[in-house]
Amino acid sequence: MLGQGRRVALTLVSLLLLLWHEATTIEVPQDPKIQQDLKQPPTIVKQSVKDYIVDPRDNIIIECEAKGNPVPTFTWRRNGKFFNIGKDPRVTMRKRSGTLEIGFRSGGRPEDYEGEYQCFAENDLGIALSNKILLRVSKAPLWPKEVLEPVLVTEGSPLVLTCNPPPGLPPPFTFWMNSGMTPIPQDKRVSMGVNGDLYFSNVMAQDAHTDYSCNARFLFTHTIQQKNPFTLKVQTNTPYNETSYNASDPYGGRKVAETTPTFLSPSGTESSKMVLRDEKLLLECIAAGLPTPTIKWFKKGGDLPGRKVKFENFNKTLKIVSVSEEDAGSYVCMANNRLGSIRHTIFVEVKAAPYWLDKPTDLVLAPDENGRLVCRANGNPKPTIQWLVNGQLIESSPPNPSRQVLGDTIIFRSVQMGSSAVYQCNASNQHGYLLANAFVSVLDLPPRMLGPKNQLIKVIENNRTFLDCPFFGSPLPELRWFKNGQGSGLDGGQYRVYINGTLEIKRARVEDEGTYTCVASNILGTAENQVRLEVKEPTRIVRAPEHESAVRGSTVLFNCKVKSDPSLPVTVTWTKDDKVLHLGWRLKKDDESLTITNVHEGDEGTYTCTAKSEIDQDSASARLTVLDRPDPPMDLDLSDLLARSVRLTWIPGNDHRSSIKEFLVQFEEDRWEPGRWQNLSTYPGDLNSVILQLAPFVNYQFRVIAINSVGQSQPSRPSPRYRTSGAAPDAIPKDLRGWGSMKDNMEITWEPLLDLERNGPDLQYDVWWRRKDTGEEWNNVTTEGTKHVVHPTNTYVPYEVKIRARNEFGPGPESNLVIGYSGEDKPTDAPTDLRVSKVESTKVNIHWKSVDPDSVLGEFKEYRLYYWRESSMVPGLVVDKEKKTRGFYSTTSEPSAVLTDLVPYSKYKMFMVVANNRFESPPSNTVELNTKEGVPDTPRFFRINRRNLDTLYLEWDKPLEPNGILIGYQLKYLTVNGSRVGRPHLETFFPNATDFTLRLPDRSTRYKFFLSALTQVGAGEVYAVESPHFANEAYIDQVDIATQGWFIGLMCAIALIILILLIVCFIKRSRGGKYPVRDKKDLPLDSVDQKDPEGSFDYHSDEDNKPLQGSQTSLDGNVKESDDSLVDYGEGGDGQFNEDGSFIGQYTVKKDKDETEGNESSEATSPVNAIYSLA
């Protein structure tokens, strides 16, 4: 025993070591060139289903397709024996395929070919097997002939009409119909079972029919066969009348005995059912009883799987589509009515045909490599595993020292060339089998590159980048990457090489650009490829669109500014709600934005800007919400009608995506201002029912306006009118006052009540008055006006005044007491002893003696000082003598005050009066004063000119107000260079100086200047300027160009040239006026030509104004041909003209040989030719 345990331990250790050194399976790429050159065992790629039912009317096709290199050949076995296709003329095999076609045009029965078929695909490297295909021919047998006796049943009893369809292949689909081919109605009481029988839980009189027929539909033949119909007769206690049927009393008042539930299917209290995994489970319980029982389902020991369970056939059938092991157990159906309940338990057992846990896959190995095939399956009962090689049991195949079978696993170690084969794994139990092919192919190939050569890859900076280098070889080659053909292999750091040859650059940078070379090598050779990498800037939207809420009719702008790599063209597209946006006159796109004009509701949505280059893209979205004024409220209604209030209710209109902030309620009344709508009140936007406070004696109607952020809606339709009853006034007249318009009266005035404050007809006012603090009785008057005058009165006497309103319904409340005064008179006393002290340049102290308060004869208002600038002490300075006033309020006996804002170095005059609300007193004594000298104002202007490159010219003017005698000017200046300043310089000037020239040590130097005027008191306000920046150091002051010497010289030269041209033209014209003609024998003179005595033609005669002969049409439309043709004067027969009508070449006159006057002009001097001669 100890030795045996030691051997087992060694075996396990060896197995573990073998598995540890197992090589990675070689994956053969789908590259066409590789597939074309690579030798591979056969693989089944298409085959018919295991249980294959065919239509007897069609040819039989049994599919078997396989791939491999060399191309596989095919053979078949039927019922375990070799199927010789060549001996059967009805059987053919498709070319380059193993698919069989069996035809019956020449006769034969499809049933003769039923059986079990298996396909074998074979080439030099192995044999692959198909599944065992069980071929059966579809059958649709006829219903057996039978005579069915009428079925007699008592009303209320249960009934089962059996179907028993003929056994077909596949089984038929059953259903019940009547003779009119109408389905039998099914419900909780009447239904068809899973077996096709028709069940009645209880029979009713109206079930009596003569045509209950069961039908079977066969799927393959598309035929329906009908069973002979049943005749059902129902016995009732009393005669049954179909016209008297009532659903609420189906038995028509007849006494039918009620029964407790009993099961029609299944019978008894228990049953069992076996179902295979992944198949459909149907559990059925149909019960009889009166009233009709209801069915409920339970599962013992747990809940029904709610997601998988479905209830059909009025809860009589429980259905689970795809059964699994956890669905096994005891299911209970319960039938109950009001008389009782019964139960039936169904024990469900779940078995399983074999199913894959680990299906074997093809294994490609290099010589001397290790590998394994695994075939694991499960089922119930547990399946057995059987291995085959090339279609033979592995136990009976030739021995292979590199192969070891360990149950569901085959171990391969140190495989050699020539050991390729196809292995089959068969997992089977009593419910079925699984068959899988997996080949073991031993390859030796030198490395090959599978990708495109010298590929250019463009990537985005800072992104993860993958450079692909697909390769293949057996043994699996080792791959290394190099950059720019230098250094050692790239791996580690920011580089990572994957087993499939891909190089990952974790974060691409500009310095990563270059040429990358991948080299694959194994013991059979090497191969390489290159990839050129370019790193680009990312495409980014740097100014994205933002959410917009726009008012209908307005314009919206969505930004989309893009930044991208300059070498990558970028296209910008816009979509709306993920659909392409069609641009037009309203929707316009430019490089950085989208503009939508005249926005309306259809424009609302999500707008997305997408900037896309060839290697990346960026997008940004924003939503447009279109706002509009709200729709007007609707359906105004009045309720809760009271004397001073009413409830107004309305229905808000559409707010158009801008919530209603408030409602404005307006009213119109038809008594005072008919047709004029007035605002009554506003209410929050979440209210639609409010109580309105009303005034008496008004006939109201109302309307409502909705207000949102866009604006106001149109007004609603008016509400019905509501008239309030009258009442005494509630309001007190406002602004009650008493005042004197004359010195001996007092006017009592007030504001009248508003129309809506009248509260009734016949509005009047009760007014009371009396002297204050005298104990007098009240005086009163009732008036309809808004004023009452009390006359006569003493001057400026206080009165107590009060008022109330009244109408025909009675008086209103009284007002509070108001103090009024009678009229004022002119003050009798003037202020005395007006004098000044502490005279300074801009201010002075004033003093005076007050008047007796009684002399003011009214309300004391102020002491009013009148003063004016009489003159300036600066010689020649003209001043404005406008009078000014300043008021002082004081009740002391000898007041004093300070008068400010005076002009320095000036002569002033002043006097004072005392004032009440209406009058001023006589003036006081007049006082004169001279203000002291002060500092001057700023110069009137100060500017800088530059008349050449090396100097600055500064000029200024005197101040408007010197405020004293000017003694000069002070100029400070310093250099400036940005925020740095140089050492200050100081220049002083006499008072008559108004300019200064500064020489520049450096043409680029800039200065800041500070100029102020001076008096004996000191320097005035500073006027600061800075020298401007002169572009290109060549700025010169703009001066009058007409005064420049170069301009005058240029104009003179142009004038001289024009004069010379005029003289030349005049000489040319004078010389060309006449030309001599000695002899023209061939050219007779026209009778209209005129000659002078010397024989020359004069072209300055009246004929000059005539058109050239032969060149224009006369007024009567005839063309007069010239006798003196120009052709005769040319050297050729054809007269040629330029485009402008001038002759080409020299106009030549025919002469005698001895004539020597060749220097004379021979050109005609008509007006046209004269112009050309000057040109």
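Mentor: Ala, Val, Leu, Ile, Met, Phe, Trp, Tyr, Cys and Pro count as nonpolar, Asp, Glu, Lys and Arg as charged, and the others, Gly among them, as polar. Keep in mind that this is a predicted model.

Trainee: How do the residues lining the second largest pocket divide into nonpolar, polar and charged?

Mentor: The lining holds seven nonpolar, seven polar and four charged residues. Among the residues closest to the pocket's centre are Phe173 and Gly193; Phe counts as nonpolar and Gly as polar.

Trainee: What is the volume of that pocket, and which strand gives the largest share of its lining?

Mentor: About 590 Å³ of space lies in it. Strand 14 gives the largest share, three residues. Strand 22 (281-284) and strand 26 (317-320) also give two or more residues each.

Trainee: Why is Asp686 called exposed?

Mentor: Exposed means over 50% relative accessible area. Asp686 has 67% relative accessibility, so it counts as exposed. Asp686 is found in the loop between strand 60 (678-684) and strand 61 (689-693). Its C-alpha atom is separated by 7.6 Å from that of Ile660, 26 residues apart along the chain.

Trainee: Which residues is Ile60 in contact with, leaving aside its neighbours within four places in sequence?

Mentor: They include Val54, Leu100, Phe104 and Leu135.

How values were computed
Residues are numbered from 1 along each chain as its sequence is written. This is a predicted model: local features need pLDDT of at least 70, side-chain atom pairs count only at pLDDT 80 or more; totals for chains, interfaces and linings use all residues. Side-chain values use heavy atoms; hydrogens and water are left out. Contact means heavy atoms within 4.5 Å. On a 1 Å grid over the protein atoms alone, a cavity is a set of points where a 1.4 Å probe fits but cannot get out, and a pocket is an open set with protein on both sides within 12 Å along at least five of seven lines; lining residues have an atom within 4 Å of a point. Grid points are joined across faces, edges and corners, and a volume is the space filled by probe spheres set on the points. Helices (H or I, at least four residues) and strands (E, at least two) are DSSP runs, numbered from the N terminus. Buried means under 20% relative accessible area, exposed over 50%, partly exposed in between (1.4 Å probe, protein chains only).
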